[in-house]
Amino acid sequence: MQFMTVVTSANPPRLTGAPPLLAVRDLVFYYGPLKALAGVSLSIKEGEVVALAGENGAGKSTLVRCIGGDMSPHGGEILIDGAPLSSDPAGIGRQGVSVLWQDLALCDNLDIAANLMLGRERRLHMASEVRLHTEATRVLKELGIDLPATSRDVRSLSGGQRQLVAVARAIARRPRLLLLDEPTAALGAAMSRQVEQLIADLRAQRTSVLLACHDVDLMFRLADRIVVLRHGRVVAEVAPAEVHPDDVVALQSGQNADSSARGQLTRLHGLTDRLVSADPSSSLSLILSALGAALGSERLCIHLVAGDDLVCAASLGLYGSLLLSAWSRLSRGPAGGPVGITAAVGQPVIEEDVRFAASWAAFSAAARAAKVASSWSVPVPGPGGLMAVITVFRAIPGRPTRDDLDLVTLYAGYAASAIERDRLLEEVTARNRVLETIREMLETLAGPLPVSDSLEVALGALCRGLQADSAALVIQPPGGKPAVRAAAVRPGSQHDGGRAGDQEIVAASHRLLSQGRSDNVAAWSLGHNGSQLLSVTFAAPGCGAALIASWSTGAQPADATALLEDAAHSLRLALEREEASIAHQEALTLRRSRELQRDFLSRLSHELRTPLTAIRGYASSLMQPDVTWDGASERRFLGRIAAESARLGRLVDDLLDFSAIESGILRLQQDWCDLPLVLEAAIACLPPDVSPPVRLSWTPELPVIWADHDRLEQVFVNLLANAIGHNPAGTSVAVTVTGSGPAHVEVTVSDDGVGLSPDLAGAPFEAVRRRRVATAGAGLGLSIAKGIVTAHGGEIKLVPQDSGTCFRIRLPVEAAGRSAQERPGGSGLSKATELTVGRAATEQTGVA
């Protein structure tokens, strides 16, 4: 017995766990020695339509007659609502069962009304024939059955009309279970549609129907399930929604449903759906699996054309066999066995018995080990010629049927489509890799990084896209030698960890650039160490350039040429952008320099004019011949002349210092210095009436530093003068010196004054801004202080705080690269070192 998927009625059951309305269990019936029913079992739920399918003599009518009470079975049981079927026909009617018999069971000597109401007559009907006909007319009208006058004898009706009378009689009783045996056998198309509608209406009213007929299409239109009988047995139970009429016809005749044309078509449709969603690498395996099921063969293989060879791309049932090993790679022609011959001639090659086949002579041992008795190989043609060969193996000698060959040819078309799809997918993947590589390069080159920094990152992306070992951009200025501007190595390649190929790349680029090539066309060449080189030359701004990729081993991508040419174009644009950016920066720098010069000269001329005017005025006064000044006035005038001269000298010194710092030629006279002594000297340079005095403190065992004593004193004088001169009287100023690790010291100069303005605090060391807000002097003090500290290898910065101003200076203890003999404790100690060694271990605080 064959069972397929069963779909029950869409109508809900009466009660959860309730028994079916009809249950037939192991029913047996004999016609003499002939067993008409051999253990038939089925069930029908309330509101469900079940069709009985089968050829003549399958047992359909016998089963209906047993359920309808016309015959008593010889074995098994029939249950209605869980209770045994009554043996009395009247009792069967009371159980809600009504039957439309195949022979209709009409009384020819009675009219339509009498046949219709037979067994349902009431006393009023017996007493009045008019009422009987009125009731029959009402029933026919309710059912929508159009018949002649109910007074006509049934014998005078056509076969279709007689069928409708029998249908009406069966339905008019409002049964719970309706048994229909060939209800449309004698009806025309219109009457058949009318009966179908009646059955559909009954199902909607929760009437269960058992339909026995030969019309398969009718079953598929009405039934929820189809039970197939053959030789008195249930051979299959199927759902119309999941099978095709051809499958039911095949089951009725004893064939396997899968071998029907519909089964093959369903398999092909399923294969198509799976191929759409499957991974490309598994497409050929799916096709072989489906073909094997269609042919009933368990061993197949497919060879793809690869130049002059044929490579086994997928196999079924051959894993681990000697045959698969021997057939993994074959050549075209007789040396490749039946596969090679098929590829050579382009026609199927059928070997009925491999023992006597010349094409199998070289593989006879493998055939015996794999138990192959016959084979047939079929070509798989494609748009450009032969694409593959499919081979089917069987364990028995013989030729395939014409249908089998047609099936293989059909599946070969699917294989060709899959192979072509894989090829196109590889092309698309390769092109996507090119586009992704170019996109990554463009994003890198156009990103926030300078072009000089992004070149190597872009070349790394190019290496990954090309799967190359290395890539380099070589630049050759006019009349100069080529040099590697940027290079990258693919991780895991032979060049990983170094640039072993740089010299070879430079040599190759020199050969290309010396030829004057800049055509942006890629060309292959062979390196000295056997590596493959792909080069593109192009014209970069002011020089020649070459982009070169190298491969030590492995195959090069087919799209390498296009990718390298596109990459060269992107690099040329990046170099042009870099050149334009440099020119723009130079223009900005020149314009800023001119602005600085104009602003500086304007401010400086004003600052220089002020002391010069004072000096000229006092000198003119002293030199007037008609005026005699007393000694006090002369001394006062001379004092002002001296003060303004000193001021003028400081302005000139600041100008010279700033110029030296800006030019990078500031020279330091360094020696070992004791910072507290430097700070005390700076404090001593302040006006004597500073109140309150500057507080100076330092930590114990403070090391001496290698520095220019006078320049550091100049820095601290500037900071202290700013703290005192730009704050109200009474502002406290503190200087603290601490160690910052073994190699640095920190000096903090802070005050509790009004602090810097927001404009100045934003860039305190910018000379232009300092001059714009300075109240006196050239405003170069902080800029000069920063230049001096930077020249010492240190740093100075403004420390934000709630009130006042705080500058922190960090200086190295000694300059990098000094010898051990020059350090304190070497061949001798400087005076500052001696002071440090003799300093007390406790913290000292001085007040100036």
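Glu48 is buried, and Arg225 is buried as well. Here, buried means under 20% relative accessible area, exposed means over 50%, and partly exposed is in between (1.4 Å probe, protein chains only). This is a predicted model, where local features need pLDDT of at least 70, side-chain atom pairs count only at pLDDT 80 or more, and totals for chains, interfaces and linings use all residues. Residues are numbered from 1 along each chain as its sequence is written, and side-chain values use heavy atoms, with hydrogens and water left out.

So what do those two residues do together? Side chains of opposite charge can pair when their charged atoms come close. The side chains of Glu48 and Arg225 form a salt bridge, at 2.8 Å from N to O. Glu48 sits in the loop between β2 (34–44) and β3 (49–53) and Arg225 in strand β9 (residues 225–230), so this pair ties together parts that are 177 residues apart in sequence. A salt bridge means a side-chain nitrogen of Lys or Arg within 4 Å of a carboxyl oxygen of Asp or Glu, and by that rule the count is 25.

Now look at helix α18 (residues 560–623), which holds both Glu576 and Arg572, four residues apart, or about one turn of the helix. Helices (H or I, at least four residues) and strands (E, at least two) are DSSP runs, numbered from the N terminus. The closest N and O atoms of this salt bridge are 2.9 Å apart. Glu576 is partly exposed at 34%, and Arg572 is partly exposed at 23%.

Next up, Arg155 and Asp153 also meet in a salt bridge, at 3.6 Å from N to O. Arg155 is exposed, with 52% relative accessibility, while Asp153 is partly exposed at 33%.
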